[in-house]
Amino acid sequence: MATKVISFINFKGGVGKTASTVNLAACLAAYHRKKVLVVDLDPQCNSSLWLLQPEEWRKHVDGAARSVHQLFRDHINGTHVFDFDQAVIRGVPRRDGYPLISHLDLLPASVDLLRIEDQIYQNKYSQFFTFLHKSLKPHFSEYDYVFFDCPPNLYAVTKNALFASDYCLVPYVPDYLSLSGFQVLAEEVDLFAHKISGFVTGRRRVSIAALLVSHYRKVGNVFDHSINELEIQLAQIKAAGQVHPKTLILHPYIRHCVAVAESTSEHLPVTLHKQTSNGAQDYYQLAQSFDQHFGSLK
Ligand SMILES: Nc1ncnc2c1ncn2[C@@H]1O[C@H](COP(=O)(O)OP(=O)(O)OP(=O)(O)O)[C@@H](O)[C@H]1O
Ligand SMILES: [Mg+2]
């Protein structure tokens with residue numbers, strides 16, 4: 001299978017971008033023998049801290065040199081310090097030095113990533129969105145999937161992720177405000193994809209190709225109503241050609257589940273933390289439909 005590079009995006013915060021990046025990556029690597037790279041692009045460092053213990057993370061990034069921040073800093077300063085093989089952590093999470101999921105690799109973030117946005121805008125690079133792709137492209141072929149865990153915005157770092165990606169996946173918590181946000185997000189991604197098309201040669205231009213529902217609760221019919229509305233909106237957006245023609249809402253929906261929240265402080269994907277929980281079962285099944293869907297996209 002050719003590598004699929006996928007950005008997990010939504011400019012709404014707390015909708016499960018990190019949870020789905022980490023848990024889908026873990027299930028694909030552990031149960032489907034896929035080789036997966038998670039790239040943490042968020043200065044909150046949430047996927048790094050989910051998959052590493054704080055001490056392990058601090059020691060590894062050590063002043064940000066072995067983190068994704070250095071990659072951006074090199075492009076800004078004209079240096080060549082970033083070394084993928086030094087920065088990537090192969091087989092995460094680890095316990096007593098041994099990988100628990102050998103096919104899951106992590107390129108961690110550091111909080112210094114916060115400064116990159118300002119530095120990029122101050123320097124007014126015309127092709128700032130190509131930095132990430134230039135540095136990581138030689139390593140993509142090692143993987144079946146490369147996942148970018150994006151911050152909750154569409155600023156410079158997320159635009160780098162979009163430029164480097166084949167597809168986007170949008171995690172979505174069904175409510176009225178998210179619905180209006182999705183339309184704007186689809187328009188913005190489509191607009192950006194058109195803008196960069198002159199720079200994208202010999203590969204597909206990024207498009208939104210799937211949504212997933214997170215924090216799902218069967219209370220009243222608020223959630224089901226919102227998902228129906230989302231289906232209707234998605235059909236319109238598809239007809240307007242603003243997303244991939246095969247875009248769908250993946251199943252099953254990820255239920256709200258305490259074990260998922262708990263697993264963050266255990267620094268484990270939920271499938272390793274509590275395999276029998278609703279969250280672990282939902283992500284296990286979601287990984288199957290995710291792999292089928294993205295495997296079928298040309
Ligand atoms: N299925 C779930 N059930 C319960 N809690 C969850 C679930 N999925 C995620 N959470 C919790 O919800 C919070 C937000 O999730 P997450 O960090 O994945 O969102 P995000 O979109 O990445 O947020 P941000 O925009 O800040 O990056 C986290 O504290 C996480 O532990
Ligand atoms: Mg996040």
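Select K124: at 70% relative accessibility, K124 counts as exposed, where exposed means over 50% relative accessible area, buried under 20% and partly exposed in between, with a 1.4 Å probe and protein chains only. K124 is found in the loop between α6 (113-123) and α7 (131-140); helices (H or I, at least four residues) and strands (E, at least two) are DSSP runs numbered from the N terminus. The phi of K124 is positive, about 50 degrees, although K124 is not a glycine.

This is a predicted model, in which local features need pLDDT of at least 70 and side-chain atom pairs count only at pLDDT 80 or more, while totals for chains, interfaces and linings use all residues. Residues are numbered from 1 along each chain as its sequence is written, chains are lettered from A and ligands numbered from 1 in the order in which they are written, and side-chain values use heavy atoms, with hydrogens and water left out.

Select β6 (residues 104-107). L104 and L106 point one way and D105 and L107 the other, and all are buried. Strand β2 (residues 36-40) runs parallel to β6, joined by 4 bridges, and the bridge partner of V36 in β6 is L104. β3 pairs with β6 in the antiparallel sense over 2 bridges; here R90 has D105 as its bridge partner.

Further along the sheet, select β8 (residues 167-172) and β9 (residues 207-213), which pair in the parallel sense over 6 bridges. Y172 stands opposite V213 in β9.

Move to F223, in helix α10 (residues 222-239). F223 is buried, with a relative accessible area of 14%. Leaving aside neighbours within four places in sequence, F223 is in contact (heavy atoms within 4.5 Å) with P174, H215, Y216 and R217. The C-alpha atoms of F223 and V173 are separated by 8.5 Å, although the two are 50 residues apart along the chain.

Select helix α3 (residues 54-61). W57, H60 and V61 are buried. They cover an arc of only 85 degrees around the axis, which puts them on the same side of α3; the arc is that of the directions from the helix axis to the C-beta atoms. On the other side of α3, E55 and K59 are exposed. The buried residues pack against α2, α5 (84-87) and β3 (89-90). Just after α3, D62 takes a positive phi of about 35 degrees.

Two cis peptide bonds come next. One joins V92 and P93, with omega about -10 degrees, and P93 lies in the loop between β3 and β4 (94-95). Another joins H251 and P252, with omega about -5 degrees, and P252 lies in the loop between β10 and α11.

How values were computed: Two strands pair if DSSP finds at least two bridges between them.
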